[in-house]
Amino acid sequence: MSTDDINPFMDEKDAEKFYDENKYSTLLVNTEEFSKKNKNRVKELVDLFVLGDRESKDEALKLIKEFEGKEILLEAVAQPEFLKHRAVLVAACWECGLDFSRFFDFFMYLTLSADYLVTLEAITVIESMEEKIPEEILKIAKEKLEEAIAKNDDKKILLEDLKAILEVKG
């Protein structure tokens with residue numbers, strides 16, 4: 001279902017057809033029902049990204065962008081049950097075109113603690129951040145980054161790239 005299919009002027013009975021789970025996959029955000037069923041909605045979003053075809057993924061990205069669905073996407077990234085899909089979900093953060101500057105520390109954490117592919121995607125998110133990161137936060141991030149680089153692990157080259165990105169941002 002495309003969001004273009006929804007007419008805000010249709011009557012309630014016509015709109016109900018879009019909530020038929022057998023015909024449409026609908027993601028509701030910013031509603032009371034969303035809060036209660038958040039876990040199911042996060043799973044539905046993850047399914048669109050990892051189980052669906054390219055069209056489903058594009059639709060999920062469009063919904064996230066259109067409804068400012070950063071928080072639900074971040075919740076999916078953070079949940080342990082979706083750990084094996086984390087790289088795809090982190091990639092969705094930059095693919096949707098939204099600015100995740102508010103969550104800089106979360107992406108730094110992923111960069112320093114996750115596997116190679118998640119680190120690569122998290123660095124891409126950090127690189128695409130538009131807002132200025134506060135100096136005190138950048139200072140701490142750079143210190144943690146230096147510690148990780150000194151460990152000389154398999155992500156050293158990626159971490160050195162991030163160091164150069166942070167120099168430009170701050």
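## Phenylalanines in the core

Phenylalanine 107 has 0% relative accessibility, so it counts as buried (buried means under 20% relative accessible area, exposed over 50% and partly exposed in between, with a 1.4 Å probe and protein chains only). This is a predicted model, where local features need pLDDT of at least 70 and side-chain atom pairs count only at pLDDT 80 or more, while totals for chains, interfaces and linings use all residues. Residues are numbered from 1 along each chain as its sequence is written, and side-chain values use heavy atoms, leaving out hydrogens and water.

Let's look at the rings around this residue. Phe107 belongs to one aromatic cluster with Phe100, Phe103 and Phe106. Rings of Phe, Tyr and Trp (its six-membered ring) pair if their centres lie within 6.5 Å; planes under 30 degrees apart are stacked, over 60 edge-to-face, and the rest tilted.

| Pair | Type | Centre to centre | Between planes |
|---|---|---|---|
| Phe100 and Phe103 | tilted | 6.2 Å | 55° |
| Phe106 and Phe107 | edge-to-face | 5.5 Å | 75° |

Phenylalanine 100 and phenylalanine 103 are both buried, whereas phenylalanine 106 is partly exposed because its relative accessibility is 22%.

Now for the wider setting. The largest nonpolar core has 45 residues, and Phe100 and Phe107 are among those that touch the most other members, as is Phe49. Such a core is a set of buried Ala, Val, Leu, Ile, Met, Phe, Trp, Tyr and Cys residues joined through side-chain atoms within 4.5 Å. Beyond its neighbours within four places in sequence, phenylalanine 49 has contacts (heavy atoms within 4.5 Å) that include Leu61, Leu73 and Val88.
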